[in-house]
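Please keep the sequence and the structure in view while reading.

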Amino acid sequence: MLKPGTILDDRYEIIDVVGTGGMSTVYRAKDERLKRFVAIKVLKSDYSSDANFVSKFRAEAQSSAGLTHPNIVSVYDVCEDDGRYFIVMELVEGITLKEYINLNGRLSMDQALNFSIQIASGLEAAHEHHVIHRDIKPQNIIVSKSGTIKVTDFGIAKAATSTTMSTTGIGSVHYISPEQARGGYSDERSDIYSLGITMYEMVTGRVPFEGDTNVAIALMHIQNDLIPPRELYPDIYQSFEKIILKATQKKPERRYLTAAALIADLKRVKDNPSIDIIVAPAQSVSNAPTHQFSPDDMREIKNKTAQKRDVDELDAAIAAAGRSQMTSSDIVPDTGRIQELLNQNDDELEEIDEDEIPAPRKKGSVKKYRDDFDEEDDDEEEDVYSAPSEYDDDPDGGVDPKLEKAVMIGGIAAAVVIFAIILALVGSVMGWFKFGSKKDKDTTETSSSVSTEATTENTTEASTEEALIKMIDVQHYTLEKALKNLEEAGFKNVRTEEVYDEEEIEGYVVEQSVEPRTEIHASDEIVLKVSKGPENFEVPDVVGKSVDEADELIKEHFNPTHSYENSDTVEKDHIISQSTAAGEKLAGGSVITLVVSNGKEIKQAIVPNLYNMSEAAAKQAITDAKLSVGSITTEFNSEVPAGNVIRQSISANTETTEGTVVDFVVSAGVKAVTYTGNVSGSIICDDEGFLETLDSVTVTVYIQDASGSHEVFSSNVGKDLAGTINVQGQATGLSYNDGSVTYMVKDGAGNDISGRYTKNVTVTYNNE
């Protein structure tokens, strides 16, 4: 993972991560040279260390860089920096189509048609430049903020499938075409199939095939018919459904041959939804040549498709020859040689006699395509041949060794099957396969005295003995089709049970009591469990609950998804509302959207400049900015007039959240200079005779200035001290420093006797 600030190729500055996938990580970056923002897709080390892959990746990415179309993400450059290989692309602000469907559910018809036309238009432009995408899926389609659709990741799938990697690492198997699932050659029609599956998901909100493993899903693309969209949602335009069904035909030649043809039909439906669109009928799956899907996966796919094909073809042949004489269990082709060849390496093919290998088609043979076929044309369809494209993986123009191997094996298998059929037909006519013991036969041949009655009895017993029949697979078929297939296979005792099932559509077989390829008698009971669809359950009330608690309640029967909103009343990470009201009943497994609170919306505000405003004006300015008035204090200031703001707690023009508290300080004006007056000394009376008449005296001393008298000392003394009264005191807060000291002396009766005394005091002043 690259850190923000990393510079690639001395030009692109990494800003942050946009997303990550199986092959690469996408970053938002700035092109310092052209001063624009771009998206950079950096290959992971597992791929960038593979020289073969890097070579093909660069070539394919560079060819993609030549694509210019409004519905394709533009590729600007393909670069390498210190072992890192990356693509510089147009930066599109938006979300993937997969995220869009997850957020909004199935799309409206108008929106689905609009999106489909835009995707197909991007493919048309790419196909005209001989660029096949090979990995069309909603995850590779971006819905921009303006509503424009952009297809991305051209060329990467081609590079990946050209190496020895498993293709399970390059894309989702949910959208893969049958020929890609087999490992066969892919062309423009493979992209059209994947777009058809994408259109299916847009109108239904789900993919047509789900399974426990990638192999299981790949086999469904090869073998299973998808459920028509209108069986899930009858409001889907019938004409749109036909387009989807045609685009997703198993055989490439039955699909739209070009994106232009698909666009033409989509536009016709958009203009007139009731218009009729002809779609090719369903067909059996052809036995296409195989390449490598992944070693283990391809072995499993080959084994399972071969098993089904062997049983179906042999049973059909035996039915034609007469089931009373022979069944598929009686003729088992020798597959030893076939399996031996399947296990050989490509190098071992060189040791095989050239006469065993069918003559290859020459490179450059004209492709023979037919768009629509009638049922009676099926035999001719097997002769339709798609010549390898000039963009296929074999650069030398010869036949791919794997193709030679597959053709050779297919020829041997076909020969074995044909031989078995001929043997069945001849045996039926000649009576080679009558039932009965060897002892009975020998007795009949050697003894001419056996009665006609005994011969008739032996023949009746042999004809009534039931042969064993291999059970066929009818799971995930409609009940009607399952019963028809079982009847044609010869089974006579079928019982059905209806069960609820959240995964399987109503009317489809969920389970069969006898495993496929198990040998049983025709009259043995077979129980088919048929889906009644999902069971309905009551939706719980989760409004106001935490998202974790709500999810637990919903998950008991349903699938929760989330959207998020701000709320002034609902606590963060708690449920504001639910898409289906509490108490209503829904099918188990249904999606219920829970709206989760993000808490109060955080809005930003700009702090005003309060300096030198009056206190009242400052309060109003704070309120107008949607902020809160905090504490107000005062202090002396010689620069700001009294009553105006000196400073504030948050700097002016700062961005903060609404409701933030702002404190400020108001000027008290210039501070006045004050003084402290200090008095010390004594008050004295020298008249001893007068002093003898006194019992006690009270003396009070003042500093007298322009502002008045300020008492500094007061004392009551007895007769012994009345002659000399010591004075010590001070007055604070004086406005002046030029006052004089005065005093007053009174006798015990309160008479003023100040004139009998003199003062001997001093006064000093200090600034406060």
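## Helices packed on α7

Helix α3 passes helix α7 in a left-handed crossing, where left-handed means that the near helix is turned anticlockwise from the far one by less than a right angle, and right-handed that it is turned clockwise. The model is a predicted one, in which local features need pLDDT of at least 70 and side-chain atom pairs count only at pLDDT 80 or more, while totals for chains, interfaces and linings use all residues. Residues are numbered from 1 along each chain as its sequence is written, and side-chain values use heavy atoms, with hydrogens and water left out.

Helices (H or I, at least four residues) and strands (E, at least two) are DSSP runs, numbered from the N terminus. Two packed helices are described by the angle between their axes and the distance between the axes. Axes are lines fitted to C-alpha atoms, for helices over the stretch in contact, and angles run from 0 to 180 degrees between N-to-C directions.

| Helix pair | Angle | Axes |
|---|---|---|
| α3 (97-104) and α7 | roughly 20 degrees | within 10 Å |
| α4 (109-128) and α7 (188-204) | about 165 degrees | 10 Å apart |

The angle of roughly 20 degrees between α3 and α7 makes α3 roughly parallel to α7; angles under 35 degrees count as roughly parallel, over 145 as roughly antiparallel, 65 to 115 as roughly perpendicular and the rest as oblique. The contact (heavy atoms within 4.5 Å) is made by Leu97, Lys98 and Ile101 of α3 together with Thr198, Glu201 and Met202 of α7. Sorted by class, the contact of α3 with α7 has three nonpolar, one polar and two charged residues, where Ala, Val, Leu, Ile, Met, Phe, Trp, Tyr, Cys and Pro count as nonpolar, Asp, Glu, Lys and Arg as charged, and the others, Gly among them, as polar.

For the other pair, α4 and α7 pack at an angle of about 165 degrees, which makes α4 roughly antiparallel to α7, and their crossing is right-handed. Among the residues of α4 that meet α7 are Phe115, Ile119 and Leu123, and the residues of α7 in this contact include Leu195 and Met199. By class, the contact of α4 with α7 has 10 nonpolar, two polar and two charged residues.

## A sheet and a hairpin

Three strands form an open sheet with mixed pairing, in the order β16-β19-β17. Both β16 (559-565) and β17 (575-578) stand at the edges with a single partner strand each, so one side of each is left without a neighbour in the sheet. The twist from one strand to the next averages 30 degrees. Strands count as paired if DSSP finds at least two bridges between them, and β16 pairs with β19 (residues 591-597) in the parallel sense over seven bridges; Pro560, for example, has Ile592 in β19 as its bridge partner. Helix α19 (residues 547-555) packs on the sheet, where it touches β16, β17 and β19, and its direction makes about 150 degrees with that of β16.

Elsewhere, β26 (residues 696-705) and β27 (residues 708-718) pair in the antiparallel sense over 10 bridges, and these two strands form a hairpin with two residues between them.
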